[in-house]
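I picked a residue and looked up its surroundings, then turned to rings and charges.

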Amino acid sequence: MEENEIVGDLRVINNDNNLMATTYNFTESLSRIDAFLSSRVPEKAEGAIPALMAINPSAVYMPQATVIHVNYEIVQDMWQPVDEKYSLPVIQSFVSEAMNIGGACDCCKDIVIAENNLRFVYDTPMKKDLNEALDDAARIKTLAMVVSKKAKQKKCPTIKASVGMDYGVVSMLPVNLLDNRFARFIWKGETVKNAEELANKADDEIVISPIVWKNLTENNRKLFEAEPIFSTCYRGKIVNIAMNNWVIK
């Protein structure tokens with residue numbers, strides 16, 4: 001067998017840099033499972049997202065938070081199609097810089113990456129915090145335009161982002177607080193679902209829920225228009241001014 005030979009679905013590592021940091025201990029696993037299953041599930045919302053140092057790794061939390069769901073997709077030029085592999089650095093550029101945008105905000109507590117979407121979770125106990133989250137949503141939306149401009153210069157396909165945003169109670173499930181190699185939380189609940197549904201309604205724009213709209217500054221409210229029939233959401237083609245100025249110059 002050759003070093004690092006792939007056998008079936010498993011990669012065999014035959015060197016000193018073993019990828020497994022620790023040996024899985026089944027006995028300890030049983031104890032951890034008991035702790036998870038014995039934890040108290042809150043009956044109602046518990047306020048802000050708890051500080052990392054205060055989190056019980058086997059507890060379930062129900063904080064209030066703002067969730068930004070970002071759908072991103074590659075846009076091929078139908079007249080000048082390019083090999084799909086050239087979309088990979090475009091996606092990498094967008095996702096990497098979107099994470100830097102969220103990471104630069106103190107209110108952003110977690111970022112979840114999937115194949116074609118991103119989820120940002122913000123602790124927004126004050127209206128100013130929610131408006132900061134909207135600023136990030138606009139930066140991320142405009143980031144797709146920035147990456148697209150640079151991608152065109154290298155004859156790569158472009159990318160677009162559609163953003164949904166909601167505020168409310170989320171289920172916060174710690175799943176790994178001991179190993180930074182893997183995600184540490186699962187986020188569930190109506191707020192998470194609503195943000196995703198709003199992003200699905202968006203088409204290269206930002207769509208927000210009524211509760212988000214009500215808590216925006218007056219100037220930010222003016223950037224959105226209510227849906228004409230039931231006003232179940234508000235939508236706007238919002239961009240970050242500085243980033244957009246670079247795009248259009």
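Entry 1. The model is predicted. I began with Glu 205 and listed what it touches, skipping neighbours within four places in sequence: Lys 141, Ala 161, Ser 162, Val 163, Arg 235, Gly 236 and Lys 237. Glu 205 sits in the loop between α4 (190-201) and β9 (206-208).

Entry 2. Is Glu 205 buried or exposed? I found a relative accessible area of 9%. Buried means under 20%, so Glu 205 is buried. Its side chain makes a polar contact with the side chain of Arg 235, at 2.3 Å.

Entry 3. I stepped back to the protein chain, which has 7 helices and 11 strands. Of its 249 residues, 39% are buried. I noted that the chain exposes about 15,500 Å², with 54% of that supplied by carbon and sulfur atoms.

Entry 4. I searched the whole structure for aromatic pairs and got 3. One of them joins Tyr 72 and Phe 94, with ring centres 5.7 Å apart and planes at 55°, so I wrote it down as tilted. Tyr 72 is in strand β3 (residues 64-75) and Phe 94 in helix α2 (residues 88-103), 22 residues apart. Both are buried, Tyr 72 at 7% and Phe 94 at 0% relative accessibility. For Phe 185 and Trp 187 the centres are 5.8 Å apart and the planes at 50°, so this pair is tilted too.

Entry 5. Last, I looked for charges over rings. The charged end of Lys 149 sits over the ring of Trp 246, 4.5 Å from its centre. Arg 221 lies over the face of Trp 213, at 4.9 Å from the ring centre.

Notes:
Residues are numbered from 1 along each chain as its sequence is written. This is a predicted model: local features need pLDDT of at least 70, side-chain atom pairs count only at pLDDT 80 or more; totals for chains, interfaces and linings use all residues. Side-chain values use heavy atoms; hydrogens and water are left out. Helices (H or I, at least four residues) and strands (E, at least two) are DSSP runs, numbered from the N terminus. Buried means under 20% relative accessible area, exposed over 50%, partly exposed in between (1.4 Å probe, protein chains only). A polar contact is a pair of N or O atoms within 3.5 Å; within protein, one must be able to donate a hydrogen and the other to accept it, and residues adjacent in sequence count only if both atoms are side-chain atoms. Contact means heavy atoms within 4.5 Å. Accessible areas come from the Shrake-Rupley method with a 1.4 Å probe; for residues, only the protein chains shown count as cover. Rings of Phe, Tyr and Trp (its six-membered ring) pair if their centres lie within 6.5 Å; planes under 30 degrees apart count as stacked, over 60 as edge-to-face and the rest as tilted. A charge sits over a ring if NZ of Lys or CZ of Arg is within 6 Å of the ring centre and within 35 degrees of the ring normal.
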